[in-house]
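Good morning, colleagues. Please turn to the sequence and the structure, which I shall now describe.

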Amino acid sequence: MNWLLDILKGKWLGHPLHPILVHVPMAMWPGALIFDLLSQWDVGGNASVRLSFYAIVFGLVASLLAAPTGLIDWSGIKKEKPAWKIGLYHMALNLVVVLLFAINLGLRWSTFRNATAVARTPLLLSAIGTLVLIGSAYLGGMMVYEYGISVARMSKKKWRKLAAAGGANLPPE
């Protein structure tokens, strides 16, 4: 079972896997909104409708890959740390986003092959889903940039050894 955790943590890459995977839905779902808007402005016709549909599909598939990696990263945070609660909100918002885009996909299923414009409800779901996604991404960024989650993956001892090898002036332990 440890081999699976190592894969999900990205140890085989030497880099956390979650930040790599989350960029796909972060690009696809706002892209779907852009294609939805283009279809409303009579740009692209059915091509815009189809591109939006497939962007949602691709984003959903990628989110299914990103979710377990994020859950593994989050499970390594101590519950008393502020980043744990932020991660919980981040995860909850992402679940809302996935649900919104899954419903969105279901509403488009029967019409995406022939429609020349996206209907209003799927358009609204794309807009709301994208806004919630941006909020969730902000929280994910806060976890990394403010709290260093998944950044310092080496022990303090290893960091000190690297710093000393690089000629850093280290305080005594």
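Let me begin with a group of aromatic side chains: Phe53, Tyr54, Trp109 and Phe112 are joined into a cluster by ring pairs. Please bear in mind that this is a predicted model.

Tyrosine 54 belongs to helix 4 (residues 46-75), whereas phenylalanine 112 sits in the loop between helix 5 and helix 6 (120-145), so the pair ties together parts that are 58 residues apart in sequence. Tyrosine 54 is partly exposed, at 43% relative accessibility, while phenylalanine 112 is buried, at 3%.

How many aromatic pairs are there by this rule? The count is 6. Another pair deserves attention: the ring centres of tryptophan 29 and phenylalanine 101 lie 4.7 Å apart with their planes at 5°, so this pair is stacked. It links distant parts of the chain, since tryptophan 29 is in helix 3 (residues 23-40) and phenylalanine 101 is in helix 5 (residues 82-108), 72 residues apart. Tryptophan 29 is buried, with a relative accessible area of 2%, and phenylalanine 101 is buried as well, at 0%.

I turn now to the overall fold. The protein chain has 7 helices and 0 strands. Its radius of gyration is 20 Å, well over the 16 Å that the globule rule gives for 173 residues, so the chain is more spread out than a compact globule. The C-alpha trace spans about 70 × 30 × 30 Å along its principal axes. Buried residues make up 34% of the 173 residues.

How values were computed. Residues are numbered from 1 along each chain as its sequence is written. This is a predicted model: local features need pLDDT of at least 70, side-chain atom pairs count only at pLDDT 80 or more; totals for chains, interfaces and linings use all residues. Side-chain values use heavy atoms; hydrogens and water are left out. Helices (H or I, at least four residues) and strands (E, at least two) are DSSP runs, numbered from the N terminus. The radius of gyration is taken over C-alpha atoms; the globule rule is 2.2 Å times the number of residues to the power 0.38. Buried means under 20% relative accessible area, exposed over 50%, partly exposed in between (1.4 Å probe, protein chains only). Rings of Phe, Tyr and Trp (its six-membered ring) pair if their centres lie within 6.5 Å; planes under 30 degrees apart count as stacked, over 60 as edge-to-face and the rest as tilted.
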